[in-house]
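Please read these notes with the structure open beside you. They take up the chains and their domains in turn.

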Amino acid sequence: MKSIGASAARNELESRHRDFFERGFMLALIFSLGIGIIALVTLILQVLVEGFPRLNSELLTNFPSGNPEIAGAQSAIMGTIWVIGVTAAFTIPVGIGAAIYLEEYADKERWWNRFIELNLQNLAAVPAIVYGILGLAFIVRGFLGLGQTVLAAGLTLGLLVLPIVIISSREAIKAVPDTIRQGAYALGATRWQTVRRQVLPASIPGIATGTILALSRAIGEAAPLILIGGLTFITFNPESVNSNFTVLPIQIFNWVSRPQDEFRVLAAAAIVVLLVILLAMNALAIFLRNKYQRKY
Amino acid sequence: MEATEMRTTEDLQMKQLMVVRPRYGELLIQALLGLCAIVSIVTTVGIVLALVEPSIEFFSEVSLKEFFTGVNWAPLFNPPSFGVIPLITGTLVTTFWALAVCLPFGLGAATYLSEYASPRTRSILKPVLEVLAGIPTVVYGFFALTFVTPLLQDIWLVGEGPGVFNALSAGLVMGVMILPTIASLSEDAMSAVPGGLREGALALGSNKAQVSTRVVIPAALSGIVAGFVLGVSRAVGETMIVLVAAGSTPNLSLNPLEAMQTMTGFIASAGLGDQPTGSIGFKTIFAVGAALFAITFVMNMFSIRLVRKYREVYE
């Protein structure tokens with residue numbers, strides 16, 4: 001109750017000291033925030049208006065073509081689904097496993113665990129294109145030598161978003177109170193039983209939210225895939241993880257970089273499709289967070 | 001003191017419970033989970049190895065002096081020229097204009113969210129900013145090329161306006177893209193400043209603007225700087241916006257109205273043409289990549305340190 005009294009006193013003091021400068025300062029702050037919101041609204045309106053003429057079913061059913069009238073993004077959409085499927089299959093188990101290890105098993109006093117921690121924070125900020133270089137050197141050619149395939153692209157993006165999955169999963173696991181673990185131990189559960197039957201179920205909503213956001217980052221990523229050969233002219237859907245591929249952001253890049261206006265329209269229409277997919281994923285993440293997250 | 005003692009006895013009991021007999025299944029699981037954590041280390045080692053070996057080969061053919069002091073970048077021409085300075089100035093110019101947008105407005109937005117906005121307003125505005133951070137960079141590139149550049153050309157009053165490809169619009173749009181990162185990190189740091197400091201300043205007769213600029217921002221400075229540094233690192237590493245909107249001509253110039261190529265832009269456009277393994281074109285990707293990784297690595301480490309520092313002070 002003390003805080004209410006304090007904040008009332010603060011409001012009182014604050015209102016007494018409002019003057020001209022104060023108002024100007026506040027307007028400048030609102031303007032700063034407004035810039036971002038105006039940019040967002042303008043961007044969305046612009047792609048909608050520009051892409052409108054091509055927002056039709058042919059965009060979804062046709063394959064890329066040199067003729068902008070009939071070109072579509074079917075192979076890019078299917079490619080995105082395939083690549084993200086591989087990314088998810090790799091990054092979800094590895095990311096959650098690493099998060100469990102770091103939160104539940106690792107002794108934080110040990111230097112190597114602190115090193116893993118520091119390393120993760122740095123990896124999360126390494127430019128995306130550097131992951132493309134890694135993919136080019138060891139996944140497409142060199143060590144793994146997978147070629148320019150769905151599998152190579154999925155793994156590269158998997159490595160790119162792995163730090164995000166690990167960091168957000170750790171937050172979710174950290175939020176599970178210790179009393180739940182102690183309760184499980186007291187009943188004779190082993191460490192893994194405790195993790196699997198108590199900690200993981202309690203932290204799944206948080207982990208799912210973070211993972212969906214990480215995957216939506218991977219869906220929008222183009223730079224690393226340019227390096228590993230996602231920009232070949234692909235007029236077929238991938239049939240396996242060893243197929244060549246293209247993805248939506250790369251297809252958009254290809255269309256944007258052509259000089260003809262018709263291709264720009266096509267690019268805008270494909271951007272709308274991409275943004276709708278991302279919006280759906282974000283909505284799902286928010287839904288999961290609100291519906292299942294418990295506060296302890 | 002008492003709490004730590006309790007904690008150690010608890011830990012001791014737990015350890016005793018666990019060492020009664022070895023459970024091989026449990027150990028196997030622990031090993032598997034540890035392996036997952038090691039993937040992140042392997043990634044870093046992989047990045048360093050991927051960059052170092054071709055870079056060494058590159059520098060056996062091209063001298064360090066030519067690379068770092070040459071002013072002409074034309075690696076795929078005949079005769080080739082390997083001066084990286086035009087790529088670095090290109091990166092600097094786009095980064096500068098990005099910072100000109102995201103530093104003031106990011107900090108302003110953070111100050112509003114942390115000091116002025118009601119919890120309700122904050123709960124609406126923060127997700128909107130997060131949406132801005134979630135938009136793919138190729139979309140920002142499209143926006144820069146097809147909206148911001150024509151807009152700049154229309155409103156340009158003095159002299160010749162920006163070209164179709166120019167560093168200015170790429171930089172400005174990049175600033176909008178990074179704004180949420182800076183706003184969110186700065187806001188975290190400002191929210192961590194104890195309320196007592198604000199109340200003290202108000203009690204001494206400061207108004208809210210003074211409290212924000214003279215108490216909260218200085219107290220949160222290390223966190224704010226950490227956000228800035230991370231923002232710079234993202235601007236330097238950003239690829240798609242500059243690739244789409246800034247052009248692909250290496251250009252030793254500080255004039256943002258001209259087309260330029262950045263380090264990332266070069267890596268991507270060299271990657272577009274399929275470079276055969278072992279060719280000099282292939283190795284330049286790695287040499288420029290190594291320079292890029294080194295620059296961002298130093299900034300990331302600096303930023304991580306600063307964040308730790310302010311966490312220690314207030315948490």
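**Notes on domains and contacts**

1. Start inside chain B. Here 8 residues of domain 1 of chain B are in contact with 8 residues of domain 2 of chain B. Keep in mind that this is a predicted model.

2. What kinds of residue make up the side of domain 1 of chain B that touches domain 2 of chain B? That side has 5 nonpolar residues, 1 polar residue and 2 charged residues.

3. Find the domains of chain B on the sequence. Domain 1 of chain B is assigned to 23-61, and domain 2 of chain B to 81-314. Their centres, taken over C-alpha atoms, are 30 Å apart.

4. Now turn to chain A. Its domain assignment gives domain 1 as 15-54 and domain 2 as 57-292. Over C-alpha atoms, 31 Å separate the centres of domain 1 and domain 2 of chain A.

5. These two domains of chain A also touch. Domain 1 of chain A puts 6 residues into the contact, and domain 2 of chain A puts in 8 residues. On the domain 1 side, the residues divide into 3 nonpolar, 1 polar and 2 charged.

6. Last, look between the chains. How many residues does the contact take from chain A and from chain B? It takes 77 residues from chain A and 76 residues from chain B.

7. Which helix gives the most to the side of chain A that touches chain B? Helix 2 of chain A, residues 20-51, does, with 17 residues. The side of chain A that touches chain B holds 53 nonpolar, 15 polar and 9 charged residues.

Methods. Residues numbered from 1 in each chain as written. Chains lettered and ligands numbered in written order. Predicted model: local features only at pLDDT ≥ 70, side-chain atom pairs only at ≥ 80, totals over all residues. Domains from an automatic or database assignment. Contact = placed C-beta atoms within 7 Å. Nonpolar A, V, L, I, M, F, W, Y, C, P; charged D, E, K, R; others polar. Helix = DSSP H or I, 4+ residues; strand = E, 2+ residues; numbered from the N terminus.
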